[in-house]
Amino acid sequence: MMGQITFDKNEVVTKTTAGLIILPKEHFLVTRKTQPPENRNRIGKSACDQCSYCTEFCPRYLLGYEVMPHKVMRSLGFTLTGEAIWNQWAELCCACGLCTLYACPEDLFPKEACDKAKYDMRQAGIKFTQTKPVVVHPMKESRRVPQSQLRKRLKVEQYDVETPFEEIDFIPSEVKIKLQQHIGKPAKAIVNVGDYVNEGQIIGEVSENDLGAFVHSSIKGKVVEVTNEFIRIQKL
Ligand code: SF4
Ligand code: SF4
């Protein structure tokens, strides 16, 4: 629900990859996640009836945070001014996706409206701070979403089967290591094409004044490509 979608079969795993879910291209989740932003906004602007189910199910709202995606949906009706007042209700959203993929009875995109609102607020330098005390909603426990219902809504029931785990000793002949796998600034490559590196050797660094993380080589090999985004290493 929170994951990124990719059609690139050469996409690599990083330390923040929790798992891969492979679905047919025409699957509900794929079509939902690949809707162009203009479509999402246009549909949301015209079809949201402000039923507020998105807010009533929102786990952050139920915890007592001032997150109200139904109010954020109102921001879609504005073009040049006026949306900022509604954007602030998105600031404390954790992008779990429950509103878009489960709660909204009209298959709209409140989570994506919150993403946009948070982005717009960052661009405008606006920071929302909750002033009300954080008090857990009395209905929180009653509004927990049963996993079986969620699987049904996401149309993944057919994949809920026993999956044998097969442990294999996989040693890749080449690795592509991303320089940004973490929050903050990307690491800067400190190796060049043609360098030889050992397994565990630091190959990307961040300056001590920046928030970020060092990047290490996962294999012993030769550096064959260095860009601002990644370092490619061939196994020796
Ligand atoms: S649940 Fe859907 S229709 Fe209802 S207020 Fe939220 S976005 Fe609008
Ligand atoms: S995506 Fe954000 S607004 Fe939607 S349910 Fe999750 S926390 Fe709430």
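The legends below describe close-up views of a predicted model. In this model local features need pLDDT of at least 70 and side-chain atom pairs count only at pLDDT 80 or more, whereas totals for chains, interfaces and linings use all residues, and side-chain values use heavy atoms, with hydrogens and water left out. Residues are numbered from 1 along each chain as its sequence is written, while chains are lettered from A and ligands numbered from 1 in the order in which they are written.

**View 1**

**View 2. The shell around ligand 2.** Around ligand 2 there are 13 residues, and the closest are Cys58, Cys93, Cys96, Gly97 and Cys99. Helix 4 (59-62) and helix 8 (110-124) each supply at least two residues of this shell, which by class has 10 nonpolar, one polar and two charged residues.

**View 3. Thr55 in helix 3.** Thr55, which is found in helix 3, counts as buried because its relative accessibility is 1% (buried means under 20% relative accessible area, exposed over 50%, partly exposed in between, with a 1.4 Å probe and protein chains only). Apart from its neighbours within four places in sequence, Thr55 is in contact, with heavy atoms within 4.5 Å, with Tyr61, Val67, Met68, Pro69 and His70.

**View 4. Helix 8 and its packing.** The buried residues of helix 8, among them Pro110, Ala113, Cys114 and Met121, pack against helix 2 (37-47), helix 3, helix 5, helix 6 (84-87) and helix 7 (98-103). Helix 8 is followed by Gly125, whose phi is positive, near 70°.

**View 5. Strand 7 and its partners.** Strand 7 (residues 230-235) runs antiparallel to strand 1 (residues 174-178), to which five bridges join it, and Lys176 stands opposite Arg232 in strand 7. Five bridges also join strand 7 to strand 6 (residues 221-226), again antiparallel (strands pair if DSSP finds at least two bridges between them), and strands 6 and 7 form a hairpin with three residues between them.

Terms used
A residue is near a molecule or strand if one of its heavy atoms lies within 4 Å of it. Helices (H or I, at least four residues) and strands (E, at least two) are DSSP runs, numbered from the N terminus. Ala, Val, Leu, Ile, Met, Phe, Trp, Tyr, Cys and Pro count as nonpolar, Asp, Glu, Lys and Arg as charged, and the others, Gly among them, as polar.
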